[in-house]
Each structure stands twice: as structure tokens, then as C-alpha cells.
Amino acid sequence: GDRRGGRLHFTAAEDAAMLRWVRDNPSKPSQGRKLWEEAERLGVTRHTWAAMQNRWRRRVRKAALRRSSAAFRAAVLRGSSPGAAAGSVSLPEGPPAAPEEARRWPVAN
């Protein structure tokens, strides 16, 4: 990505891609390094594995927990509570609603 304009901000589509990535990789802890290193290698978003892991921990995971079903909460929490059943998660299609703080910042193209 082009970083001449400064920081590369996450988009709602990238947040949704990270949610799908966690859902589609139930055998790996959601907060673990290997999951996010593989996500970077495969180009899940335009960001480094560390940036995705940080975004997951601080924003995406928390937003998903606030508005999700018990089954999805169990899958999202598997980084700290191993054992969520594979295939028990059903995510809504489309990007999640951006947290209020994220809407204030312009997205660099």
C-alpha cells in the first residue's frame, strides 16, 4: 500500500476480513501470533501481522463481542478460552459497523 500520506488506517472491509479470518481458522488461538503472521503472508489486509493482531485485540474483537451471538462470542474468545466448537459460528455478511472512534478518521487511499 501507499504510505506516503502517513499511517495506513484500517477500513470496515478489513475489519470484516479479519472477522472472517478468525472464523475460518478455528484451530488457531484468535490472539496468537501464528494466526496473524499467516494472515499477513496471505494478504488478508494491507497491514502487518502485528498491526492486525493489535487491531483485533483492541477494536474488532471487542466490537464483535458487544453485538454478537453467544456462539460467536465463544469463537472470538477462544484466544483466552480454548475449545470453541469449529463450525458453530455464523457471521453476518458484509462489513461490521465501524466503532464511533474509527468514523472520525479519514481513510488513506
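Let me begin with A50, whose place is in helix α3, where helices (H or I, at least four residues) and strands (E, at least two) are DSSP runs, numbered from the N terminus. This is a predicted model, in which local features need pLDDT of at least 70 and side-chain atom pairs count only at pLDDT 80 or more, while totals for chains, interfaces and linings use all residues. Residues are numbered from 1 along each chain as its sequence is written, and side-chain values use heavy atoms, with hydrogens and water left out.

Is A50 buried or exposed, or something in between? At 36% relative accessibility, A50 counts as partly exposed, because buried means under 20% relative accessible area, exposed means over 50%, and partly exposed is what lies in between (1.4 Å probe, protein chains only). From C-alpha to C-alpha, A50 and R33 are 7.9 Å apart in space, although 17 residues separate them in sequence.

Now let me step back to the whole chain. The protein chain has five helices and zero strands, and if you read along the sequence you find the pattern α-α-α-α-α. Of its 109 residues, 33% count as buried. If we take contacts, meaning heavy atoms within 4.5 Å, between residues at least 6 apart in sequence, then 58% of them join residues at least 24 apart.

Next, how do the helices pack? For the values that follow, axes are lines fitted to C-alpha atoms, for helices over the stretch in contact, and angles run from 0 to 180 degrees between N-to-C directions. Angles under 35 degrees count as roughly parallel, over 145 as roughly antiparallel, 65 to 115 as roughly perpendicular, and the rest as oblique.

Let us take α1 and α2, which pack at an angle of about 120° with their axes 11 Å apart, and that makes α1 oblique to α2. Their crossing is right-handed; a crossing is left-handed if the near helix is turned anticlockwise from the far one by less than a right angle, and right-handed if clockwise. On the α1 side, M18, W21 and V22 meet L35, W36, E38, A39 and L42 in α2.

The axes of α2 and α3 are 8 Å apart, and these helices pack at an angle of about 125°, so α2 is oblique to α3. The contact is made by R33, W36, E37, A39 and E40 of α2, together with W49, M52, Q53 and W56 of α3. Here too the crossing is described as right-handed.

For α1 and α3, the angle is about 90° and the axes are 10 Å apart, which makes α1 roughly perpendicular to α3. In this case D15, M18, L19 and V22 in α1 meet M52, R55, W56, V60 and A64 in α3.

Which residues make up the largest nonpolar core? There are twelve of them, namely F10, M18, L19, W21, V22, L35, W36, A39, M52, W56, V60 and A64, and α1 (12-24), α2 and α3 each supply at least two residues of this core. By a nonpolar core I mean a set of buried Ala, Val, Leu, Ile, Met, Phe, Trp, Tyr and Cys residues joined through side-chain atoms within 4.5 Å. As background, in soluble globular proteins nonpolar side chains tend to be buried together.

Let us look at two members of that core, W36 and W56. A search of the whole structure finds one aromatic pair, and W36 and W56 form it, in a tilted arrangement with 5.9 Å centre to centre and 40° between the planes. For this term, rings of Phe, Tyr and Trp (its six-membered ring) pair if their centres lie within 6.5 Å, with planes under 30 degrees apart counted as stacked, over 60 as edge-to-face and the rest as tilted. W36 lies in helix α2 (residues 33-42) and W56 in helix α3 (residues 49-66), so the pair ties together parts that are 20 residues apart in sequence. W36 is buried, with a relative accessible area of 0%, and W56 is likewise counted as buried, at 0% relative accessibility.

Q53 has its place in helix α3, and at 10% relative accessibility Q53 counts as buried. Not counting residues up to four places away in sequence, Q53 touches Q31, G32, R33 and W36.

E14, in helix α1, is buried with a relative accessible area of 7%. With the neighbours up to four places away in sequence left out, E14 touches H9, T45, R46 and H47.
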